[in-house]
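Subject: Structure handover

Hello,

Here is the structure for you to look at. My notes on what was found follow below it.

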Amino acid sequence: MNPEELLDLKREVSRISIKAYERGLVFGTGGNISARIPGTGLALITATGVSLGDTTVENLSVIDIETGEPTPDSPAKPSKERYFHAAVYRIRPDINALCHLHPPYATALSVDYGEMPLVTITAEVNLVKVPCAPCAVSGSQDLRKYVEDTVAATPGVKAILMCRHGLLSLGQTLVQAYNLADLTEDSARAAFLVEMLRKK
Ligand SMILES: [Zn+2]
């Protein structure tokens, strides 16, 4: 990837990060978005302690997919949740972009429901199955293992919930990962409303 293509990829990570924040799929300094750098063993990932809404091409970090650690010349400190991003890139070579977000309905459903109920036909056809990774502290190796195991257990999975935390969507492109995150939140909202109506 030449420098101009890398700059374009950084611009796309920044654009999608700001879009996710403005859409209300994440709050405060939570969430992180990454993209594999084609032809390398590296990925771009948003920085720790910086709101996704403030992402720029200058404050992205670069991590080694083998270790999850930043490269020596990484321009910013990467998200502490980088370990599960790296793990998913290792086990899913077809995936080039990940969105980890904390949208309200998907996060609420992650607390008690386990696998997400797919109540709309769109969710059933497009998401197929949205399993839930067990709860662990952000940035921990336990969380990395739970996310990795949950993704590995469902071949081709496009999105997972993370218990008491949020969601992770997997795309071949940043746009696809973003749209899957948005669809997962929309589907979680529909599931929540159906549950409310059934309780009447
Ligand atoms: Zn998180």
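At what angle do helix α1 and α6 pack, and how far apart are their axes? The angle is about 15 degrees, and the axes lie 10 Å apart.

Some ground rules before the rest. This is a predicted model: local features need pLDDT of at least 70, side-chain atom pairs count only at pLDDT 80 or more, and totals for chains, interfaces and linings use all residues. Residues are numbered from 1 along each chain as its sequence is written.

Helix packing

Two packed helices are described by the angle between their axes and the distance between the axes. Helices are DSSP runs of H or I with at least four residues, strands are E runs of at least two, and both are numbered from the N terminus. Axes are lines fitted to C-alpha atoms, for helices over the stretch in contact, with angles from 0 to 180 degrees between N-to-C directions.

Back to the pair above. Helix α1 covers residues 3–22, and α6 covers residues 174–198. The two are therefore roughly parallel to each other (angles under 35 degrees count as roughly parallel, over 145 as roughly antiparallel, 65 to 115 as roughly perpendicular and the rest as oblique). Their crossing is right-handed (the near helix is turned clockwise from the far one by less than a right angle; anticlockwise is left-handed). On the α1 side the contact uses Glu12, Val13, Ile16, Lys19 and Ala20; on the α6 side, Leu174, Tyr178 and Ala181. Residues are in contact if their C-beta atoms, placed from the backbone, lie within 7 Å. By class there are six nonpolar, no polar and two charged residues (nonpolar: Ala, Val, Leu, Ile, Met, Phe, Trp, Tyr, Cys and Pro; charged: Asp, Glu, Lys and Arg; polar: the others, Gly among them).

Helix α3 (residues 104–112) also meets α6: the axes come within 7 Å and cross at roughly 60 degrees. That makes α3 oblique to α6. The crossing is left-handed. Tyr105, Ala106, Ala108 and Leu109 of α3 face Thr184, Glu185, Ala188, Arg189, Ala191 and Phe192 of α6 in the contact. Seven of these residues are nonpolar, one is polar and two are charged.

Helix α2 (residues 82–91) packs on helix α5 (residues 141–153) at about 30 degrees, with axes 8 Å apart. These two are therefore roughly parallel as well. α2 passes α5 in a right-handed crossing. The contact includes Tyr83 and Phe84 of α2 and Val147 of α5. Its classes are nine nonpolar, one polar and two charged.

The core

The largest nonpolar core holds 57 residues (a set of buried Ala, Val, Leu, Ile, Met, Phe, Trp, Tyr and Cys joined through C-beta atoms within 7 Å). Buried means 20 or more other C-beta atoms within 10 Å, exposed 12 or fewer, and partly exposed in between, with C-beta atoms placed from the backbone. Ala20, Val147, Ile160, Leu161 and Ala181 have the most contacts inside the core. Helix α6 gives the most to this core, with seven residues. Beyond its neighbours within four places in sequence, Ala20 touches residues including Leu25, Ile33, Leu101, Tyr178 and Ala181.

Two loop residues

Valine 128 has a positive phi, near 65 degrees, and is not glycine. The loop between α4 and β5 holds valine 128. Arginine 164 has phi near 60 degrees, again positive in a residue other than glycine. The loop between β6 and β7 holds arginine 164.

Best wishes

Key. Two residues are in contact if their C-beta atoms, placed from the backbone, lie within 7 Å.
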